[in-house]
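Please look over the sequence and the model shown here. The report that follows takes up selected features in turn.

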Amino acid sequence: MSARPDRTPLARSFFDRPVLTVAPDLLGRTLVRRTPDGPMELRITEVEAYEGEADPGSHAYRGRTARNASMFGPPGHAYVYFIYGMWFSLNLVCGPQDHASGVLLRAGEVTVGADLARTRRIAARNDRELAKGPARLATALDIDRSLDGVDLCAGPDSPLSLLAGTRTAPDQVSNGPRTGVGGAGAAHPYRYWITHDPTVSPYRAHAPRRRST
């Protein structure tokens with residue numbers, strides 16, 4: 001019988017480390033989302049790391065803006081952004097304040113509140129697809145820009161927190177290029193996932209968007 005996931009909240013010191021250390025260490029951890037409709041929990045299975053102003057693939061590469069300001073704040077906070085005029089994505093801020101590094105949560109398994117997730121992800125063909133990709137994850141967990149800057153270390157009253165869960169053994173972690181990242185950041189092997197987990201999203205290389213004529 002496997003051990004039950006650890007319910008210990010992760011301290012701010014967990015996030016206050018280099019982003020390439022934090023990212024693979026998030027796999028198997030439990031994200032808690034508290035909503036007016038009830039709690040939800042997600043076992044994290046896929047992430048991507050972004051190294052801030054040193055990383056051409058990062059939103060912070062060209063410095064601080066109103067959109068990415070949360071990335072420059074203290075570690076252990078949420079950075080939520082809106083993309084393509086349709087979708088939200090959830091990132092966890094890491095490293096020292098003003099460094100602007102973060103980890104994008106790309107996929108996971110909804111372990112608590114799947115009934116709520118199904119009402120938000122009616123297109124999902126099965127529960128493995130509820131949070132299979134960053135936009136699907138945010139939709140399933142009812143995450144939008146109102147959660148940008150939320151402190152994950154603020155305790156049980158916070159709408160988001162992270163529990164120790166079941167840490168994934170290093171030999172069960174794979175890594176490779178980030179999905180959809182182009183330019184100088186395309187080759188960075190900063191995507192990490194639990195090997196062979198069915199909730200991990202498929203890899204897609206960057207495809208330049210065509211401009212209308």
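## The place of N68

Where is the place of N68? N68 sits in the loop between β3 (38-50) and β4 (78-83), where strands (E, at least two residues) and helices (H or I, at least four residues) are DSSP runs numbered from the N terminus. The model is a predicted one, in which local features need pLDDT of at least 70 and side-chain atom pairs count only at pLDDT 80 or more, whereas totals for chains, interfaces and linings use all residues. Residues are numbered from 1 along each chain as its sequence is written, and side-chain values use heavy atoms, with hydrogens and water left out.

N68 has a relative accessible area of 1% and is therefore buried; buried means under 20% relative accessible area, exposed means over 50%, and partly exposed lies in between (1.4 Å probe, protein chains only). A polar atom of the N68 side chain lies 2.8 Å from the backbone nitrogen of T65. Setting aside residues up to four places away in sequence, N68 touches H59, A60, G63 and Y79, a contact being heavy atoms within 4.5 Å.

## Strands β2 and β3 and their partners

Strand β2 (residues 30-35) is largely enclosed by the rest of the structure, because five of its six residues are buried. Two strands are said to pair if DSSP finds at least two bridges between them, and β2 pairs with β3 in the antiparallel sense over six bridges. The two strands form a hairpin with two residues between them, and V32 stands opposite E41 in β3. β2 also pairs in the antiparallel sense with strand β7 (residues 160-165), over four bridges, with L31 opposite L162 in β7.

Strand β3 is likewise largely enclosed by the rest of the structure, because eleven of its 13 residues are buried. β3 pairs in the antiparallel sense with strand β6 (residues 101-112) over nine bridges, and in this pairing R43 stands opposite E109. A further antiparallel pairing joins β3 to β9 over three bridges, with E46 standing opposite W193 in β9.

## Nonpolar cores

A nonpolar core is a set of buried Ala, Val, Leu, Ile, Met, Phe, Trp, Tyr and Cys residues joined through side-chain atoms within 4.5 Å. The largest such core has 42 residues, of which L26, L31, V47, L90, L105, L160 and L162 touch the most other members. β3 gives the most to this core, with five residues. Apart from this core lies another, of ten residues, among them A60, F72, Y81 and V93.

Leaving aside neighbours within four places in sequence, L160 is in contact with residues including L31, V32, L90, I143, L147 and V150.

## Salt bridges

A salt bridge is counted where a side-chain nitrogen of Lys or Arg lies within 4 Å of a carboxyl oxygen of Asp or Glu, and by this rule the count comes to 17. R29 forms one with D25, the closest N and O atoms being 2.8 Å apart, and both R29 and D25 are buried.

The side chains of R191 and E46 also meet in a salt bridge (2.7 Å, N to O). This pair links distant parts of the chain, with R191 in strand β9 (residues 191-194) and E46 in strand β3, 145 residues apart. R191 counts as buried because its relative accessibility is 4%, and E46, with a relative accessible area of 0%, is buried too. In a further salt bridge, the side chains of R120 and D142 meet at 4.0 Å, N to O. R120 lies in helix α3 (residues 114-120) and D142 in the loop between α4 (134-140) and β7, 22 residues apart. R120 is partly exposed, at 21% relative accessibility, as is D142, at 31%. Salt bridges that share partners join R17, D25, R29 and R167 into one network.

## Cysteines

Why is the sulfur of C94 too far for a bond with the closest cysteine sulfur? The closest cysteine sulfur, in C153, is 10 Å away, which is too far for a bond, given that a disulfide is a pair of cysteine sulfur atoms within 2.5 Å. The structure holds zero disulfides. C94 is buried, with a relative accessible area of 1%, whereas C153 counts as partly exposed, at 24% relative accessibility.

Note on methods: A polar contact is a pair of N or O atoms within 3.5 Å; within protein, one must be able to donate a hydrogen and the other to accept it, and residues adjacent in sequence count only if both atoms are side-chain atoms.
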